Amino acid sequence: ANTTITPERANMSPRVFAVGVAKRLAAVTHGGPYLQPTGRGTRVILRGHGFDGVGNLDARLQFSGGPVTQITRVNDSELVVHTGPLGLGTFAFSFTNALNVTTASASVKTFTPQTFAAATMPTGGDLRGMFYDAERSSVFLVNQELESLQRFHFTNQWELTSLPVPAIVSAGLTQDGSRLLVASATSSQSRIRQLDPEDMNVEISSTELTQRIASDWNGIIHTTNDGRSWFALGEGWNEMAYFDSSNGAMTTVEPSIFPYFYGGPGFAMSRDGERLMILQTGSNAQDMLYMDARDSQVRINPANLQNNYQMSFSEDASRYLHDNYQVRDRDFALIGRLPATLPRASGDLTDHWVLRSVLSPDGTRVYAVAVPNDYPYQSTPARLYVFDSSTRNPSNDELPTLGFLNMAGYPACSPMPPNYTCYSNSHIIVSPDGNTVFVAGSSNFVVVPVANATLTQVMSAPPAAAQKVGRGKTVPWQ
């Protein structure tokens, strides 16, 4: 609208001013994790704007899936919402207002929890990363050796399809799971393609970048709950940047601290998209950084934790697994450590060493792939050890060992002996329902069911005593 001001003096001309009014109404733009298992209460982080202007959140926040049991206002752009158990479907979060104006909304979807049988299939090459799409029962592998994005999709059995991607660097899903991001980079060109997750051959869009996507630690594209997908850009001394899939824009970020991003940064993220862990470099010892999406401030971890190439979170970041062996809480205080020497089962003649480990979605368990020291392995199976990370024991920082499962195959190190290549090319993730552990490497993709699994017991006796007793027995694990 225009406003005209007419002065009293005749020798002064009237002036016209444009006046604009913006309605700062509460709106939800993102919700994460967007995918939730049926039959369980949910915790969802809602992102948007105008939340501080809502006097009564309980009255104004609408959810089509049923009652909201708790709302925590974090700031003007973030809420943490808890709901009761959900059925199968898609359910929207939105706000009402006194003007009866429709504002943006965001939805969560649900999936039926699954329990897959043990399985193993060859991968055919060194991997850069792995992620699971529970909505479509598909495990994706970034295969750098074959220069392809591999998808193991389950219907009645696991079936492999591959998409050739020359110079593939990384891949991942967008925050709402609607698009599959695939990044590639050569010395002359970098590109981010947005594909249909249902059919990798369908390209939605493609963005050519003037900056080079760094490939050192970026096997998986992590997207925080505000829709920003994180990358390292450069060819040595790099920059931290995010990609917006809605408009194809790449934006660099300058942390308030001075980072050492030589060859980095590398990222890990909690499934709710809130906590981002940041590896600065692999060239020397540097403190790990972290960022919470709620304020986008990059900080130095207070526990002096340094370079970490194997890290994972519980879904809500209440647990953080550092460098395969240490479990920390949200504030980086120690919960416990995996045993320095893995306990043996009765009848074992050799020790096992941890190849890769991962936290369960609820943070109460650590799953660790372990292989024996005595190469060649012959008929000795790889193991999945299970540790209890649910509580902190002030008198003993070693996490209790609950037992182990024999795996259907080796992810890597077959037929090669244990070495750094085996270690770096092995990856492990857990399904969001907590029922299945997926392991993959340069040799095989391995499925390990862990829901209500029967674990083989381990002994507290020293190795010398372990050689004098019979085979291990099994106990059910709840």
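This is a predicted model: local features need pLDDT of at least 70, side-chain atom pairs count only at pLDDT 80 or more; totals for chains, interfaces and linings use all residues.

Where is the place of asparagine 324? Asparagine 324 lies in the loop between β29 and β30.

I turn next to the aromatic pairs. The count comes to 21 aromatic pairs. One of them is formed by tryptophan 158 and phenylalanine 438: the geometry is edge-to-face, with 5.9 Å centre to centre and 85° between the planes. This pair links distant parts of the chain, since tryptophan 158 belongs to strand β15, residues 158-164, and phenylalanine 438 to strand β37, residues 436-440, the two being 280 residues apart. Tryptophan 158 is buried at a relative accessible area of 9%, and phenylalanine 438 is buried at 0%.

Tyrosine 320 and phenylalanine 332 form an edge-to-face pair, 5.8 Å centre to centre and with 80° between the planes. Because tyrosine 320 lies in strand β29 and phenylalanine 332 in the loop between β30, residues 326-329, and β31, the pair ties together parts that are 12 residues apart in sequence. Both tyrosine 320 and phenylalanine 332 are buried; for phenylalanine 332 the relative accessible area is 3%. Phenylalanine 332 has a positive phi of about 75°, although it is not a glycine.

Which residues do ring pairs link into a cluster? They are Phe116, Tyr132, Phe152, Phe154, Trp158, Phe438 and Phe445.

The charged end of arginine 228 sits over the ring of tyrosine 242, 5.1 Å from its centre. For arginine 383, the charged end sits over the ring of phenylalanine 404, and the distance to the ring centre is 3.9 Å.

My next topic is strand β26, residues 289-292. Are its faces covered or open? Both are covered: Leu289 and Met291 on one side, and Tyr290 and Asp292 on the other, are all buried. Strand β25, residues 275-279, pairs with β26 in the antiparallel sense over four bridges, and here arginine 275 stands opposite aspartate 292. Strand β27, residues 298-300, pairs with β26 over three bridges, again in the antiparallel sense. The bridge partner of tyrosine 290 in β27 is arginine 299. β26 and β27 form a hairpin with five residues between them, and serine 296 in the turn has a positive phi of about 60°.

Two peptide bonds also deserve mention. As a general point, most peptide bonds are trans. The bond from glycine 32 to proline 33 is cis, with omega near 0°; proline 33 is placed in the loop between β3, residues 27-32, and β4. The bond from glycine 264 to proline 265 is likewise cis, with omega near 0°, and proline 265 is found in the loop between β23, residues 249-253, and β24, residues 266-269.

I close with a pocket. What volume does the second largest pocket have? The value is about 520 Å³. This pocket is lined by 25 residues, of which Arg40, Pro361, Asp362, Pro432 and Asp433 lie nearest its centre. The elements that give two or more residues to its lining are β4 (35-37), β5 (42-49) and β33 (365-372).

Thank you for your attention.

Conventions
Residues are numbered from 1 along each chain as its sequence is written. Side-chain values use heavy atoms; hydrogens and water are left out. Rings of Phe, Tyr and Trp (its six-membered ring) pair if their centres lie within 6.5 Å; planes under 30 degrees apart count as stacked, over 60 as edge-to-face and the rest as tilted. Buried means under 20% relative accessible area, exposed over 50%, partly exposed in between (1.4 Å probe, protein chains only). A charge sits over a ring if NZ of Lys or CZ of Arg is within 6 Å of the ring centre and within 35 degrees of the ring normal. On a 1 Å grid over the protein atoms alone, a cavity is a set of points where a 1.4 Å probe fits but cannot get out, and a pocket is an open set with protein on both sides within 12 Å along at least five of seven lines; lining residues have an atom within 4 Å of a point. Grid points are joined across faces, edges and corners, and a volume is the space filled by probe spheres set on the points. Two strands pair if DSSP finds at least two bridges between them.
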